[in-house]
Amino acid sequence: MENTSVAQETHTPDTQFLSLNPSNLEVIGEVTNTSRVEIDTKIEKAKKAQKLWAARPDAERKEILLKVAEALQQNSKELAEWITREQGKPLNGPGANFEMQGCVGWTQVPASLDLPEEIVFEDETRKDIVYRNPIGVVAAIAPWNWPLMIAIWQIIPSLRMGNAVIIKPSEYTTYCSLEMIKVINSVLPEDILQVVTGRGEVGGYLTSHPEIGKIMFTGSIATGKKVIEASAKNMARLTLECGGNDAGIILPGLDIAKHIEGLFWGAFLNMGQTCACLKRLYVYENDYEKVVKALADYSSHIPMGNGADEGIVLGPIQNKMQYDKIQDLIRDSENIGADFIFKGQKPDLEGYFIPVTLIGNVDNGDRIVDEEQFGPVLPIITYKTVDEAISKANDSENGLGASVWSDNLDEAQKVAAQLEAGTVWINQHGAIHPFVPFGGAKQSGYGVEFGIEGLKAVTVPKVISIKK
Ligand code: NDP
């Protein structure tokens with residue numbers, strides 16, 4: 001049910017939940033909870049559909065998924081507009097159109113990859129072959145930051161390997177997700193991909209259901225731990241991407257002008273609401289002035305506003321919960337006497353806007369450094385020695401990504417080898433790729449997505465061992 005009135009609160013009593021446009025607080029629609037009975041029915045249907053889907057020749061599944069990629073491409077303009085309206089990221093720059101291109105690419109690649117059986121041992125006495133079988137029904141819990149692209153990361157590899165998927169979009173980005181699922185389902189056979197909606201208990205009920213064989217979750221560490229608990233009931237296999245507090249280290253003497261664009265977007269992609277954004281920047285003390293000046297100058301030229309407007313490349317924070325969290329960290333930084341080096345222009349709009357903010361005179365131990373801000377507020381910390389920078393970068397419960405910035409690649413690689421993270425980028429940050437495995441160390445989660453490793457993660461290995 002759509003209407004266009006303006007709401008101040010996202011939470012209304014009972015099971016109602018309003019999805020809002022974060023740029024102007026226009027109500028997009030009401031999100032209702034899928035009931036437990038409905039979830040049970042969907043899982044039953046998924047089980048039946050999965051058997052038929054898995055029985056199809058592999059080449060047929062590939063072909064269907066390549067048609068899904070075509071359908072996404074054909075509908076990318078409308079879907080990008082939906083993303084901007086509900087998620088808030090601008091159409092342009094590395095925004096909603098970029099997210100849709102990611103959806104197409106991350107569909108084409110898993111659709112094209114192969115995971116054939118493998119003879120892992122053979123001699124005159126025996127032959128052992130590993131097959132990669134589907135798991136069954138996959139429960140996918142998708143987040144609100146890259147609502148369509150991350151959903152695709154969960155859906156497509158699972159389908160490629162012969163599973164059925166039931167996806168729960170974030171309550172904050174339900175409508176754009178439903179639009180994309182409609183497009184995908186215009187190509188897929190019935191019930192192979194289904195959706196449940198709501199908040200509060202839907203994800204927990206779905207993931208702990210006895211018929212779920214695999215859970216793919218992207219979100220917070222706290223909820224990731226609840227997903228682990230849910231999986232104790234059904235022993236579902238898990239892929240958990242629980243975010244990060246990625247450190248970036250600029251090694252002494254970097255030619256900052258050459259890297260400023262990469263540094264800026266490494267930190268502020270999607271307003272910093274990206275799991276693998278650069279969230280803490282460590283800078284050699286003698287280079288500090290040069291680096292902060294370059295970052296402030298660059299930031300001052302990047303327009304923020306309603307992402308539907310041409311020329312805008314930075315948008316609002318997606319939701320009130322996240323907005324409040326970031327404001328709380330800003331207040332805490334003010335209270336401890338941090339140096340607000342730069343604060344961008346806040347647009348004169350009603351939405352959840354927080355300007356790009358650079359914060360100095362903070363260190364490990366301060367909340368803005370230790371906690372994932374998931375927003376456009378970057379703490380910049382000085383170091384005296386590279387060893388100190390490495391030690392501070394590693395001083396975190398998170399370990400998703402990290403980056404090293406240097407014009408000397410040998411030095412950068414030596415530092416990269418010492419950083420505790422699933423991916424360490426050199427002279428870039430968050431540069432994920434559909435062929436390259438992506439996952440976290442420490443409490444950033446376990447399992448990996450993308451590429452062949454990502455396909456393996458949605459299968460169960462089965463060995464056939466033959467005596468000769
Ligand atoms: P959460 O991590 O709390 O995830 C919310 C989603 O998880 C909802 O769909 C919810 O559905 C579901 N859920 C809750 N409990 C369970 C459970 N036991 N089993 C399965 N699913 C469950 O995200 P929020 O949106 O509340 O954001 C909180 C923080 O997470 C943010 O501030 C940000 O720091 C971080 N975040 C990280 C992201 C990343 O990319 N890594 C993306 C988004 C947020 P239901 O309520 O119906 O159970």
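The structure is a predicted model, in which local features need pLDDT of at least 70, side-chain atom pairs count only at pLDDT 80 or more, and totals for chains, interfaces and linings use all residues. Residues are numbered from 1 along each chain as its sequence is written, and side-chain values use heavy atoms, with hydrogens and water left out.

Helices (H or I, at least four residues) and strands (E, at least two) are DSSP runs, numbered from the N terminus. At the start of α11, a side-chain oxygen of N319 comes within 3.2 Å of the backbone nitrogen of M321. The buried residues of α11 (buried: under 20% relative accessible area, 1.4 Å probe, protein chains only) include Y323, I326 and L329. The buried residues of this helix pack against β12, β13, α12 and β14.

The UniProt annotation "active site", from an unreviewed entry, covers E241; such annotations may be inferred rather than shown by experiment. E241 lies in strand β9 (residues 237-241) and counts as buried because its relative accessibility is 3%. Beyond residues up to four places away in sequence, E241 touches residues including F217, C275 and E449, contact meaning heavy atoms within 4.5 Å.

Conventions:
Buried < 20%, exposed > 50% of the residue type's maximum accessible area, 1.4 Å probe, protein only. Polar contact = N/O pair within 3.5 Å; in protein donor to acceptor, adjacent residues only side chain to side chain.
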